[in-house]
Amino acid sequence: MFFKLDDLGEKTINKIAEVALSTKLEKRDKLEVKVKTDPNLLAKGTLESLVIDCQGLMVENSLRMESINITLNTIAVSPLKALAGNIQLTQPSRGKACVLLREKDITRVLNREVLRRKQHEIVIDTQVVQVSLQQVKCNLLETGKILIEGEVKRKETKDIKPVSLEIQPKICQSGKGVTVDEIKYLEEPSLSSIILNPILEEAKNILNLKNFKVDGFSLRVEQFNIRHGALHLEAEAGMTHFPTN
């Protein structure tokens, strides 16, 4: 089915985009898609902008994003394909993204890692003993640091010891992305450095938005800040192709 260019306005393009993105951003609380264009721009193969506003999006490893807003500008498309209801990029598009993560949602992902690595064998006083990491908690501090706390139970004696670490994340100087500038093992430092290492690696994945994997889209962290128990990330957004439903 074909349309005249004048008949294919923002409303039609919005509907096409929203249906396609709904299939890729399926697990979410709310999704709003706004495409800005006009027949003259579309005739030249250009969409002025695409804004995706998503609330409560579940991404890889069941990480819940409180909110994610992606804005892409000057998107090059095939006008003839668009006439047939297919938004097809003729070149990659770039823009910006803002992501908000709550500490409770980060804690949930870290505890999934705890379940996967429940039993550990460590050496205490030259003896090999079995210990298990109980649930952990992530605390986003107003100082910009991240505190991870947990408890370790010794299998034979049922003794429980606290473990914790504090990290100072920062943006890489050599390129975009987050690295850990400083790690401090607070309680039971030797035990914490062994037991909490897998949890630390998962925390790094979250900081770099590696849990966000949506076909055609990419995010690369540029800035971040922590306030009121939430992690605010600003990222460069890229789109190589528009999702198909």
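This is a predicted model: local features need pLDDT of at least 70, side-chain atom pairs count only at pLDDT 80 or more; totals for chains, interfaces and linings use all residues.
Visitor: Let's start with charged pairs: how many salt bridges does the model have?
Guide: Happy to begin there. Side chains of opposite charge can pair when their charged atoms come close. A pair is counted when a side-chain nitrogen of Lys or Arg is within 4 Å of a carboxyl oxygen of Asp or Glu. By this rule, the count is 14 salt bridges.

Visitor: Which residue forms a salt bridge with K30, and how far apart are the closest N and O atoms?
Guide: K30 is partly exposed, because its relative accessibility is 45%. E32 is also partly exposed, at a relative accessible area of 41%. The partner of K30 is E32, and their closest N and O atoms are 3.4 Å apart.

Visitor: Where do K145 and E166 lie, and how many residues apart are they?
Guide: K145 and E166 form a salt bridge, their closest N and O atoms being 3.7 Å apart. E166 counts as buried because its relative accessibility is 16%, and the cut-off for buried is under 20%. K145 sits in the loop between β6 (127–140) and β7 (146–154), while E166 is in strand β8 (residues 160–171); the pair links distant parts of the chain, 21 residues apart.

Visitor: Now the helices: are α4 and α6 roughly parallel, roughly perpendicular or oblique?
Guide: Two packed helices are described by the angle between their axes and the distance between the axes. For α4 and α6 the angle is about 140°, and the axes are 10 Å apart. Angles over 145 degrees count as roughly antiparallel and 65 to 115 as roughly perpendicular, so α4 is oblique to α6.

Visitor: Which residues of α6 make the contact with α4?
Guide: α4 passes α6 in a right-handed crossing. Among the buried residues of α6 (residues 197–207) are P198, I199, E202, A203 and I206. On the α4 side, the contact is made by I106, V109, L110, E113, V114 and R116; on the α6 side, by P198, I199, E202, A203 and I206.

Visitor: Which residue follows α6 with a positive phi?
Guide: Helix α6 covers residues 197–207. With a phi near 60°, the residue that follows α6 is L209.

Visitor: Which backbone atom does the side chain of T37 reach?
Guide: T37 is in the loop between β1 (30–36) and α2 (39–43), and it counts as buried because its relative accessibility is 6%. Leaving aside neighbours within four places in sequence, its contacts include E10, I13 and T46. At 3.4 Å, the side chain of T37 reaches the backbone oxygen of T46.

Visitor: Which backbone nitrogen lies 2.6 Å from a polar atom of the N14 side chain?
Guide: N14 is found in helix α1 (residues 10–24). It is buried, because its relative accessible area is 11%. Beyond neighbours within four places in sequence, N14 is in contact with V33, K34 and V35, and the nitrogen in question belongs to V35.

Visitor: Which residue's side chain is joined to that of E60 by a polar contact?
Guide: E60 has its place in the loop between β2 (46–58) and β3, and its relative accessible area of 37% makes it partly exposed. Setting aside neighbours within four places in sequence, E60 is in contact with K210, N211 and K213. The polar contact, at 3.5 Å, is with K213.

Visitor: What separates the C-alpha atoms of R220 and V178?
Guide: R220 lies in strand β10 (residues 217–227) and counts as partly exposed, at 43% relative accessibility. Not counting residues up to four places away in sequence, R220 touches K176, E234, A235 and E236. R220 and V178 are 42 residues apart along the chain, and their C-alpha atoms are separated by 9.2 Å.

Methods
Residues are numbered from 1 along each chain as its sequence is written. Side-chain values use heavy atoms; hydrogens and water are left out. Buried means under 20% relative accessible area, exposed over 50%, partly exposed in between (1.4 Å probe, protein chains only). Helices (H or I, at least four residues) and strands (E, at least two) are DSSP runs, numbered from the N terminus. A polar contact is a pair of N or O atoms within 3.5 Å; within protein, one must be able to donate a hydrogen and the other to accept it, and residues adjacent in sequence count only if both atoms are side-chain atoms. Contact means heavy atoms within 4.5 Å. Axes are lines fitted to C-alpha atoms, for helices over the stretch in contact, and angles run from 0 to 180 degrees between N-to-C directions. Angles under 35 degrees count as roughly parallel, over 145 as roughly antiparallel, 65 to 115 as roughly perpendicular and the rest as oblique. A crossing is left-handed if the near helix is turned anticlockwise from the far one by less than a right angle, and right-handed if clockwise.
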